[in-house]
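Trainee: I have a model open and would like a close look at one part of it. Please start there, then carry on through the rest.

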Amino acid sequence: MTIDCRVLQNTTSDSQMVASLATQTGYWPVFTFLNSMNNLIDLASVGLIGQKGDSGISSSLDDQLRQILTVVGTALKGVSSSHRAATKRQIQKREREKLETKEEERIRAGNGIMSELGFGDEPMLPADGTCAVFVETSEENSDSGETTRNQRTQEEMEAVDALPIVVIRNFALKVGSKREELLTVLAQWAATLAENQVAHVIVLSDNRENSKYLAKALPSKPLSSIVLSDADTRSSISFVKQKLLDADINTDFTSHQVTDIERLGGRASDLESLIHKVRNGQAVEDAVESIISRGVVELRKNAFGDDVDDAKTLPWTREQAWAVLKLLSKREHVPYYDVLVEYPFKGDETALRSMEHAELISIGTHDGRPSTIRPGKPVLRWVFERLVNDPIFRASQEISYNENIISGAEKTIRACEEELTTISTIASRARLPWWKFGFGEPRGTYVRSQYLANKMAASAKNIGMLEKKNAELKKILAKGDSAAK
């Protein structure tokens, strides 16, 4: 059974989502008109008495989704039980056949030349009979115990193999979507199936951030994760060539064309876009350039917003996005915690997680903890580089970035000035005797004032340097697009 969350997320109303889930799971019948009727009754109740009435058929989206999944889980449990019973009968049949074969071989062992000479059929002594019976019984008990253990183990293994498989695809929220209840309900249902050994559950997601729903639903057990990376260069080139050969297009790529294709990495969606453009008559170089240029436009909108108001709705600041882009335009990956502790993040993991959720970056792990930050997909490395090398865009972002640092440095200076004023007041009230002047350990107020003075000097020096840089950057903005030529 396969459930596609993207199809569910693309629905425009709760009733459509319920109907879509019912269709994917085979649940029937679904009376979606009752939802519309219930909405009308609630609307009328609000108009008449000022609150929603109890129509008797009212149920939230969570309840409707859970009702469908509960029925589906019961059906899967029945399928699992029937498969398990069938598997048990097959194993028992095979074991009986083995025992019968073994018994026949034991009987045939006495029909040789010894039997023809009259040995083996004469009556045996009581002691011999006792001994023979004892040995035979012990062997039978040993064989029987071993057979039972093997049978039980085999039954358990084949019962696990016979469990139904449930695949939940595209387990992720659309950017800007508020339908978290869908993922929560699916995660709880998947956890119930796995814990009760009703079915194998495979959840496919674009990034690991969505695993928090599953971890919350299954807190007592660790999740088994398999990370699927992009295809390597050789596989990517072979994939493109095969697809173009199927369309009767020449695939004798030059070294320059191969280099261009390698810039797209191994992401299937980008390679499919390249194949589609080449099939429509574009050259490989033009197709790759078109993909990167489109990526620049999309990145500028998705990471920085169309305007200031749009940028305020993003879960990260423009300065945070610019800092990450500038680093990843120069290197394939950067250390996670090195980025996290520095400005403009200062320990704010939420911004980095949100960027990962938006597929701007991907966060690699080591021993279960975040380790590295990479572009969300291979082609973004070149998109980042193109955007950072845009003189006008770079100048505008650097000015904003520097102004925020200057503002922070000025606050630091003001705070230091206020503390120095307080220290001078304290020092004036607690003067040392003249015979202790210049001797002994320095007082705490002196040590602290020296520290604050050095901190003020460093901040003032940093402000001067950044203001000088901003003056140069504003000259670039004054030149306009001619600066890019």
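Is Arg 66 buried, partly exposed or exposed, and what is its relative accessibility?

Mentor: Arg 66 is partly exposed, because its relative accessibility is 32%. Keep in mind that this is a predicted model.

Start with the partner of Arg 66. The side chain of Arg 66 meets that of Asp 62 in a salt bridge, at 4.0 Å from N to O.

A search of the whole structure gives 13 salt bridges. One of them joins Asp 270 and Lys 377 through their side chains, at 3.6 Å from N to O. Asp 270 is in helix α11 (residues 268-279), while Lys 377 is in the loop between β6 (369-375) and α17 (380-388). Asp 270 counts as buried, at 3% relative accessibility. Lys 377 counts as partly exposed, at 26%.

Another salt bridge links Lys 301 and Asp 306. Their closest N and O atoms are 2.9 Å apart. Lys 301 is partly exposed, with a relative accessible area of 42%. Asp 306 counts as exposed, because its relative accessibility of 53% is over the 50% cut-off.

Now a polar contact. Glu 398 is in helix α18, which runs over residues 391-429. Glu 398 is buried, with 14% relative accessible area. Its side chain makes a polar contact of 3.0 Å with the side chain of Trp 322. Leaving out residues up to four places away in sequence, Glu 398 touches Trp 322, Lys 326, Asn 470 and Leu 473.

Tyr 213 lies in helix α8, residues 211-217. Tyr 213 counts as buried, at 13% relative accessibility. Setting aside neighbours within four places in sequence, its contacts are Phe 171, Leu 173, Glu 180, Leu 183, Thr 184 and Ala 187. Take Ala 187 from that list. Ala 187 and Tyr 213 are 26 residues apart along the chain, yet their C-alpha atoms are separated by 6.0 Å.

The surface also has a nonpolar patch, formed by Ile 165, Ile 202 and Leu 204. Together these residues have about 240 Å² of accessible area. Ile 165 is part of strand β2, residues 165-169. Ile 165 counts as partly exposed, at 44% relative accessibility.

Last, confidence. The mean pLDDT of the protein chain is 81, and 78% of its residues reach 70 or more. Two stretches deserve a note. Over residues 114-124 the pLDDT is below 50, and the stretch has three contacts in the model beyond near neighbours in sequence. Over residues 128-140 the pLDDT is also below 50, with one contact in the model beyond near neighbours in sequence.

Key. Residues numbered from 1 in each chain as written. Predicted model: local features only at pLDDT ≥ 70, side-chain atom pairs only at ≥ 80, totals over all residues. Heavy atoms only, no water. Patch = residues over 30% accessible without salt bridge, like charges linked within 9 Å, V, L, I, M, F, W, Y side chains within 5 Å. Areas by Shrake-Rupley, 256 points an atom, 1.4 Å probe, with all protein chains shown as cover. Helix = DSSP H or I, 4+ residues; strand = E, 2+ residues; numbered from the N terminus. Buried < 20%, exposed > 50% of the residue type's maximum accessible area, 1.4 Å probe, protein only. Polar contact = N/O pair within 3.5 Å; in protein donor to acceptor, adjacent residues only side chain to side chain. Contact = heavy atoms within 4.5 Å. pLDDT = per-residue confidence, 0-100.
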